[in-house]
Amino acid sequence: MNGNSFGKKFTVTTFGESHGAALGCIVDGCPAGITITKEMIQTALNRRRPGAASPDGKANASVTARKEADEVEILSGIFEDKTEGTAIGLMIRNTSQHSSDYGNLATTFRPGHADFTYDAKYGHRDYRGGGRSSGRETAARVAAGAIASEVLRLQGIKITAYTIKAAGISAEKRNLNEIEQNSLRAPDNEAAKKMNEAIEKIRLEGDSAGGIIECVIDGCPAGLGDPVFDKLDAELAKAMLSIGAVKGIEFGDGFDAADSYGSTNNDSMHAENGKPVFDTNHSGGILGGISNGNQIIFRIAVKPVPSIFKPQQTVCKNGDKYESTELQIKGRHDVCLCPRIVPVVEAMAALTLVNFI
């Protein structure tokens with residue numbers, strides 16, 4: 001299997017399966033002398049981990065009941081809380097697998113999952129929780145992203161993602177102080193309450209929901225990104241679309257630009273104290289694939305969790321032939337992925353930017 005590594009200069013290679021012994025990553029290309037503590041990485045992982053309680057103290061209808069400590073082990077590359085410039089090895093052990101919940105999936109393919117495509121490509125797959133295709137793989141990305149984020153912080157760059165829509169309910173405001181105050185990681189506590197209520201209703205019906213996550217990057221200087229094939233927005237798009245549940249991305253005005261005019265979509269400029277200043281930010285901070293110094297802003301579409309508790313029509317494999325069947329999924333699953341994908345979005349954005357830095 002290829003495609004387990006991301007980045008060219010600051011590279012992360014992840015390994016592990018949902019129900020294997022452990023997950024982890026190797027980070028190569030990190031400069032020496034950066035202060036990285038286990039607590040810094042653990043804080044990032046705690047925001048993504050399954051079974052985490054809602055920050056507002058209320059029931060979190062979105063997340064799976066699977067509880068994992070996701071405790072990181074630093075194997076190499078960091079000594080006395082400083083990076084050595086050598087390969088950094090990180091590992092997160094799995095401790096709460098219920099593999100028996102997936103015994104009926106050995107030859108049956110879950111709708112909306114990668115079961116069929118993995119089988120079509122490899123002819124053999126780990127069917128326990130999706131194996132390598134599971135969203136649990138993103139724990140390793142978040143661990144690596146914590147290191148990349150610290151490198152960026154030292155350059156004055158901050159990345160913030162949050163849920164702006166879930167279960168059909170949209171945030172009406174952008175108060176970044178409220179993101180960690182509610183179970184949806186939305187910048188609007190009142191909207192988050194409505195989202196959670198809608199998701200709870202969907203959960204009781206045995207179904208799932210999708211949503212939209214917005215990400216803003218502050219402090220990014222002009223000039224990051226390379227022409228043609230390595231554009232900054234192209235690399236960010238690849239990073240975001242590598243997250244399993246993400247089905248679309250837009251920058252700035254995004255698809256709304258299709259209904260606008262050049263006279264309104266162009267970002268006018270003027271000079272202040274001898275420096276260029278943009279009057280608007282319809283482009284989302286990127287022009288020609290290169291950052292223009294404005295706030296970088298993009299949004300991603302997150303599909304509904306494919307594991308639902310309603311009977312579904314699918315196929316099973318019998319030798320070299322397929323037969324129609326009905327499937328009732330078991331196990332512990334998220335209902336809406338948005339709050340747990342938020343830290344993954346931040347991690348992948350950091351891993352993208354640090355390569356250009």
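These legends accompany close-up views of a predicted model.

**View A. A buried salt bridge joins arginine 141 and glutamate 137**. Here the closest N and O atoms of the pair sit 3.0 Å apart.

**View B. Aspartate 334 pairs with arginine 340**. The closest N and O atoms of this salt bridge are 2.7 Å apart. As you look around the pair, keep in mind that aspartate 334 and arginine 340 are both buried.

**View C. Lysine 201 and glutamate 205 meet in a salt bridge**. Their side chains come to 2.8 Å, N to O. Lysine 201 has a relative accessible area of 52%, so it counts as exposed, while glutamate 205, at 40%, is partly exposed.

**View D. Four charged residues form a network**. Salt bridges link Arg47, Glu180, Arg185 and Glu346.

**View E. The largest nonpolar core has 78 residues**. Ile217, Met240, Phe298, Ile300 and Val345 are the members that touch the most others in this core. Helix 7, spanning residues 338-356, supplies the largest share, with 13 residues. Apart from this core lies another one of five residues, including Tyr162, Ile164, Ile179 and Ile297.

**View F. The surroundings of phenylalanine 298**. Leaving aside residues up to four places away in sequence, phenylalanine 298 touches Ile213, Glu214, Cys215 and Ile217, along with Leu236, Met240, Ile249, Glu250, Phe251 and Val345.

Methods
Residues are numbered from 1 along each chain as its sequence is written. This is a predicted model: local features need pLDDT of at least 70, side-chain atom pairs count only at pLDDT 80 or more; totals for chains, interfaces and linings use all residues. Side-chain values use heavy atoms; hydrogens and water are left out. Buried means under 20% relative accessible area, exposed over 50%, partly exposed in between (1.4 Å probe, protein chains only). A nonpolar core is a set of buried Ala, Val, Leu, Ile, Met, Phe, Trp, Tyr and Cys residues joined through side-chain atoms within 4.5 Å. Helices (H or I, at least four residues) and strands (E, at least two) are DSSP runs, numbered from the N terminus. Contact means heavy atoms within 4.5 Å.
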